[in-house]
Amino acid sequence: MHLKYESQLREPLVNGDKNYHQVTEDIVRPIEAKPPRLWYVGFFTAVALLMFGVYSVYRDVTYGIGQWNLNKTIGWGWDITNFVWWVGIGHAGTLISAILLLFRQGWRTGVNRAAEAMTIFAVMCAGQFPIFHMGRVWMAFFVLPYPNTRGPLWVNFNSPLLWDVFAISTYFTVSLLFWYSGLIPDFGTIRDRAFTKLRKRLYGIASFGWSGSTKHWQRHESLSLVLAGLSTPLVLSVHTIVSFDFATSVIPGWHTTIFPPYFVAGAIFSGFAMTQTLLLVVRKVFGLQDYITMGHIEAMNKVIVLTGSIVGVAYLTELFMGWYSQNKYEGYTFWYSRAYLFSPYGWSYWGMMACNVLSPQIFWFRKMRRNLFVTFFMSIIVNIGMWFERFVIIVTSLYRDYLPSSWSVYYSPTIWEVGFYAGTFGLFFTCFFLFAKYFPVIAIAEIKYVLKTTGENYKAKMTPIEEQSLEHFAHEQAHH
């Protein structure tokens, strides 16, 4: 009998009659086989979007950000909206990797690898928006605090925009280390199964000489715990610092202390939704239903309904404070610019409320949490709503300032702003398709770790043991 007892009430995390060899076969098969036609269609569509994005960025760099529809009141438009949205997308990966590892949540094993990859690709997309928003992108290195020959010209350490540089770069580095260190044992497995010299050599280099010895496993697990400890504060700090871009200003609609927890909850909310979108597709295309089970999907839907409710409370708190503060500028921003349906951007506020607050409440019903179509549809709706949230925060706070003479015309993006955003989708999905083809989408080593406690056939063997009396069980163990 395995030393760790697993209650029969808990759903198995691995379905079917699996052994260690079968786990390896199921997860490595897509890497060793030729990609299906759907993979090629998706990959080349993503590359086409990426090329459109590259051309849009070329227009921006060559002709300046006058190619965008920014104006004298709306200095941040689609670019910073998309920056905040992509940073939020990446949050679920760190939460699943770090916090659920520290809390020893077994259900993370089926979804952590893809979520960590999603984090890295999302941060790669997010980082481009502030850089190209500078206009003179060749001056981007000015944000780095290093000894220079520019005399008194130095970065402003009081600016949250500089804090962003440190937060995002640290987040990316730690996430990359966490993701890659988890891949090393799996690369060793693929190397040992490789049937061509090139494949064996490439995966051999990637696995850093992994041999599966006790010493290697001991160091690997120690590193995982250290990185989890370092990553846990990042889950809270990164989007908190992104929220400071707004909260430390004095602009009505931004100058509010609720932003840090509200942004963190929103980031986890959107990150889990994107994880659901990707994993439901991967699960179907690669036939991984035994490893990404309904139990995993239901657990993530519970997180979505929790964080969606927290975000809803934050929206209502903002409205309440807009009235309770009796500040006419705050009141105007929250109650007219946003909540009034017939204001210029009222449609975006109510779209946000419908997508982020009302629609996730469907997951209070177990039948809905375990319905694949509803889950996939809702994951897309949630991310549309979270994009609207960032758009509402930025545009409705800026488009009318203290001088009616400078109130802007209606802001709508140009084709090049849309193209830049579409290009980041192209980059994200190009990277994800390559990851799904050449890297194991599910952590082989971690699935094997939980197999004998939470695998369906192993749990079935627990049933007769559970039915024994305590005295009989103790007697058997004494004679074992």
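# Helices, burial and salt bridges in a predicted model

Student: What percentage of the 480 residues in the protein do buried residues make up?
Tutor: Buried means under 20% relative accessible area, exposed over 50%, and partly exposed in between (1.4 Å probe, protein chains only). Of the 480 residues in this protein, the buried ones make up 53%. The model is predicted, so local features need pLDDT of at least 70 and side-chain atom pairs count only at pLDDT 80 or more, while totals for chains, interfaces and linings use all residues. Residues are numbered from 1 along each chain as its sequence is written, and side-chain values use heavy atoms, with hydrogens and water left out. The share of buried residues is 53%.

Student: How many helices and how many strands are there in the protein?
Tutor: Helices (H or I, at least four residues) and strands (E, at least two) are DSSP runs, numbered from the N terminus. The count for the protein is 18 helices and zero strands.

Student: What is the radius of gyration of the protein, and why does it agree with a compact globule?
Tutor: The radius is taken over C-alpha atoms, and the globule rule is 2.2 Å times the number of residues to the power 0.38. The C-alpha atoms fill a box of roughly 90 × 55 × 45 Å along the principal axes. With 480 residues, a compact globule would have a radius near 23 Å, which agrees with the protein's 25 Å.

Student: Where does helix 8 bend?
Tutor: Helix 8 covers residues 214-247 and reaches 49 Å from its first C-alpha to its last, close to the 50 Å expected. The expected span is 1.5 Å times one less than the number of residues. A bend is the angle between axes fitted to the seven residues ending at a residue and the seven starting there. In helix 8 this angle is about 35 degrees, at leucine 234.

Student: Which element gives the most to the nonpolar patch?
Tutor: The patch, of about 480 Å², is made by Leu38, Val281, Val285, Phe376, Ile380 and Ile384. Helix 9 (259-285) and helix 14 (372-398) each give two or more residues to the patch. With three residues, the element that gives the most is helix 14.

Student: Is phenylalanine 376 buried or partly exposed, and why?
Tutor: Phenylalanine 376 is found in helix 14. Because its relative accessibility is 31%, phenylalanine 376 counts as partly exposed.

Student: How far apart are the closest N and O atoms of glutamate 318 and arginine 338?
Tutor: Glutamate 318 is buried, and arginine 338 is buried as well. Their closest N and O atoms, in a salt bridge, are apart by 4.0 Å.

How values were computed. Patches are made of residues with over 30% relative accessible area and no salt bridge: like charges are joined within 9 Å, nonpolar side chains (Val, Leu, Ile, Met, Phe, Trp, Tyr) within 5 Å. Accessible areas come from the Shrake-Rupley method with a 1.4 Å probe; for residues, only the protein chains shown count as cover. A salt bridge is a side-chain nitrogen of Lys or Arg within 4 Å of a carboxyl oxygen of Asp or Glu.
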